[in-house]
Amino acid sequence: MAIAACFNPSLSLPESTPSLRIRRHVASPPPLRLHLRLPAAKAAPIALSSPPIPRRRLLLSVAFSSTGGGGDFINGNGNSSGGDGGGGGGDGGGADSAGDRNRKEALMVLAEAGRQLESLPKDLAAAIEAGRIPGSVVSRFFELDRSPFFRWLMQFGGFKERLLADDLFLAKVGMECGVGIFTKTAAEYERRRENFFNELEIVFADVVMAIIADFMLVYLPAPTVSLRPALASGAGSIAKFFHNCPDNAFQVALSGTSYSVLQRFGAIARNGVKLFAVGTTSSLVGTAVTNALINARKAVDKSAADEIENVPILSTSVAYGVYMAVSSNLRYQVLAGVIEQRILEPMLHQHKVMLSALCFAVRTGNTFLGSLL
């Protein structure tokens with residue numbers, strides 16, 4: 001019958017014919033269901049493994065932002081140490097960060113100059129290791145070290161500290177001592193007028209005191225770069241306090257260094273004591289020389305014995321010491337720390353000639369004012 005159906009298309013097979021069932025079985029798409037299930041089975045692991053990637057990135061970003069400049073978290077120490085670049089107290093304070101920055105700058109300047117730390121003076125090398133001075137101070141030291149005269153002068157600690165803080169320090173000493181002679185003489189003439197030549201010995205004593213005192217008036221209140229080592233642990237509290245005071249009450253503190261208001265007042269008191277000693281000593285020298293000249297004049301000219309009297313040494317010396325401790329101390333503290341370092345130096349740092357001219361004018365006026373007081 002199947003053969004007959006092939007030759008006669010009008011004949012049809014019943015629906016239960018096995019060949020028709022075979023076609024329906026072949027036409028069914030079970031592989032399609034398998035194809036639809038496979039992506040569902042693979043999607044689960046992908047969803048589970050993807051979250052750790054953004055979590056690691058978030059962890060690293062938090063680590064960089066929380067450690068500041070120290071980076072202890074990245075190094076595996078955790079964040080319990082606070083980091084070296086923190087802004088608060090503890091061992092990771094801002095002073096430590098500034099000290100590290102100063103040390104790196106100074107060592108970089110040394111490397112650029114081809115110098116070793118051991119080739120520097122001991123006090124300067126110790127200050128670099130402690131992070132107390134920035135790289136700009138080391139650069140200035142190398143500039144001064146090129147001159148044989150400055151190299152010799154920097155063997156003395158006081159001159160080295162002042163030259164590193166102000167490269168015009170010696171010029172200011174010359175200005176003060178040179179101008180002091182002329183302004184002191186002019187002030188004495190303004191005060192005495194017609195008695196100027198009659199009291200020439202007293203005038204000479206004042207000029208001698210001015211030469212000795214003017215140098216110390218520039219030297220003591222001058223801003224410095226402190227290279228002094230720390231005092232021994234057994235030192236008293238008063239000694240430690242004055243040791244940590246600046247040399248000028250108004251000087252600019254270096255990076256990593258700060259002065260309290262009490263320490264700045266301590267600088268005025270300490271310099272006042274020193275200037276009292278300097279003023280008293282210089283007055284003793286000046287009046288002693290004056291009295292010697294007066295006595296020599298009396299020995300030559302007997303008629304001048306009643307006209308010229310000796311200058312009282314003790315009272316004159318103490319009075320001049322008090323004058324220097326109070327008036328001169330305050331005037332020169334303000335002159336060096338405020339007018340020169342904070343006003344003139346920032347404005348005219350690149351114009352040394354103009355800066356020197358203005359310093360000369362200001363110091364001339366200050367010296368003449370002091371002579372009138």
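Buried residues and a nonpolar core

Mentor: Serine 282 is found in helix 13, residues 261–300. The model is predicted.

Trainee: Why is serine 282 called buried?

Mentor: Buried means under 20% relative accessible area. Serine 282 has 1% relative accessibility, so serine 282 counts as buried.

Trainee: Which residues does serine 282 touch, leaving out those up to four places away in sequence?

Mentor: They are Met209, Ile212, Ala213 and Tyr320. Aspartate 206 is 76 residues from serine 282 in sequence, and the two C-alpha atoms are 9.6 Å apart.

Trainee: Arginine 140 is in helix 7. Why is arginine 140 said to have no salt bridge?

Mentor: A salt bridge needs a side-chain nitrogen of Lys or Arg within 4 Å of a carboxyl oxygen of Asp or Glu. The nearest side chain of opposite charge to the buried arginine 140 is aspartate 167, 4.9 Å away, so no salt bridge is counted.

Trainee: What lies 3.1 Å from a polar atom of the arginine 140 side chain?

Mentor: The backbone oxygen of alanine 165 lies there. Arginine 140 also touches Leu163, Leu164 and His349, among others.

Trainee: What makes a set of residues a nonpolar core?

Mentor: Its members are buried residues such as Leu, Ile, Val and Phe, joined through side-chain atoms within 4.5 Å. The largest core here has 38 residues, and Leu164 is among those that touch the most other members. Helix 11 supplies the largest share of this core, 6 residues.

Trainee: Which residues are in the other core that lies apart from it?

Mentor: That core has 6 residues, including Leu168, Met175, Leu348 and Cys359.

Methods:
Residues are numbered from 1 along each chain as its sequence is written. This is a predicted model: local features need pLDDT of at least 70, side-chain atom pairs count only at pLDDT 80 or more; totals for chains, interfaces and linings use all residues. Side-chain values use heavy atoms; hydrogens and water are left out. Helices (H or I, at least four residues) and strands (E, at least two) are DSSP runs, numbered from the N terminus. Buried means under 20% relative accessible area, exposed over 50%, partly exposed in between (1.4 Å probe, protein chains only). Contact means heavy atoms within 4.5 Å. Lys and Arg count as positive and Asp and Glu as negative; His and the chain ends are not counted. A polar contact is a pair of N or O atoms within 3.5 Å; within protein, one must be able to donate a hydrogen and the other to accept it, and residues adjacent in sequence count only if both atoms are side-chain atoms.
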